[in-house]
Amino acid sequence: MKIRKLNRSETPPWELLTLADPSRIIVEEYLKSGSIYVGEDSGKILGVYVLKETHKVVVEIMNIAIQEPYQNKGLGKQLISHAIQEASNQGYARLEIGTGNSSIHQLKLYQQCGFRIEGVDFDYFLRNYDEPIYENGLLCRDMIRLCYTFEG
C-alpha cells in the first residue's frame, strides 16, 4: 500500500471518513484545517487518516479507517506508522488520538503502536452525536484519549 497526502483539489473519500466518524458535519469541520492521507493499491483507496494540528507542538489523528474487506490485514498499523513518521518529520512533540470506549480493537492497536492512554472525556459521544453509537455490543459514550510522545 502506498500512502500519500490527498491534494485539496481531490474529493475526500467520504465513505471511509464516515466509516470512522458517522457525523459528516463533524468530519467536514476538522477537514477545513486537517490534512488527508490515503493508502492506495493500484489506484484504489483502501484506507485514510486525517492529521490536524491542535496546538503548536501537537497534532492529532482525527480520523482513521480501512475499507472493511481490507481490515485486520495490517493496513491500519501501516497508516498509524505513517502518521507517526509524518508528525515526527513535521517537528511535533506529541501525536494524539481519541477513540470510543467501545472501540476495543482500535484501543489495542493504538497501544501496540506506542500510544498511551492519557485520559477520558466522559460522555463525549452522547454530547456530540444525535444518534447513539453501538460497537462490539457496547454503547459508545466516552472518548478515550491516547498520546504518542516523541523523544528528543
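**Group meeting: contacts, cysteines and salt bridges**

Let's start with Val-57, which touches Tyr-92, Ala-93 and Arg-94, leaving aside residues up to four places away in sequence; contact here means heavy atoms within 4.5 Å. Before I go on, this is a predicted model, with local features needing pLDDT of at least 70 and side-chain atom pairs counting only at pLDDT 80 or more, while totals for chains, interfaces and linings use all residues. Residues are numbered from 1 along each chain as its sequence is written, and side-chain values use heavy atoms, with hydrogens and water left out.

Back to Val-57, then. You'll find Val-57 in the loop between S3 and strand S4 (58–66), where helices (H or I, at least four residues) and strands (E, at least two) are DSSP runs numbered from the N terminus. Val-57 is partly exposed, at 41% relative accessible area; buried means under 20%, exposed over 50%, and partly exposed in between, using a 1.4 Å probe and protein chains only.

Now for some backbone. Most residues other than glycine have a negative phi. Which residues here have a positive phi of about 55° without being glycine? Ser-42 is one of them, and Asn-136 is another. Ser-42 sits in the loop between strand S2 (35–41) and strand S3 (44–55) and is exposed at 77%. Asn-136 is in the loop between strand S7 (133–135) and strand S8 (138–140), and is partly exposed at 43%.

On to the cysteines. How many disulfides does a search of the whole structure find? The count is 0, taking a disulfide as a pair of cysteine sulfur atoms within 2.5 Å. For Cys-113, the nearest cysteine sulfur is that of Cys-147, 14 Å away, and Cys-113 is buried at 13%.

Last, the charged pairs. There are 10 salt bridges, each a side-chain nitrogen of Lys or Arg within 4 Å of a carboxyl oxygen of Asp or Glu. Among them, Arg-4 pairs with Glu-10 at 2.8 Å, N to O. Another joins Arg-141 and Asp-123, with the closest N and O atoms 3.0 Å apart. That pair links distant parts of the chain, 18 residues apart: Arg-141 is in the loop between S8 and strand S9 (143–149), and Asp-123 in the loop between strand S6 (116–121) and helix H5 (124–128). Finally, salt bridges with shared partners tie Glu-60, Arg-94, Glu-96, Glu-118 and Arg-145 into one network.
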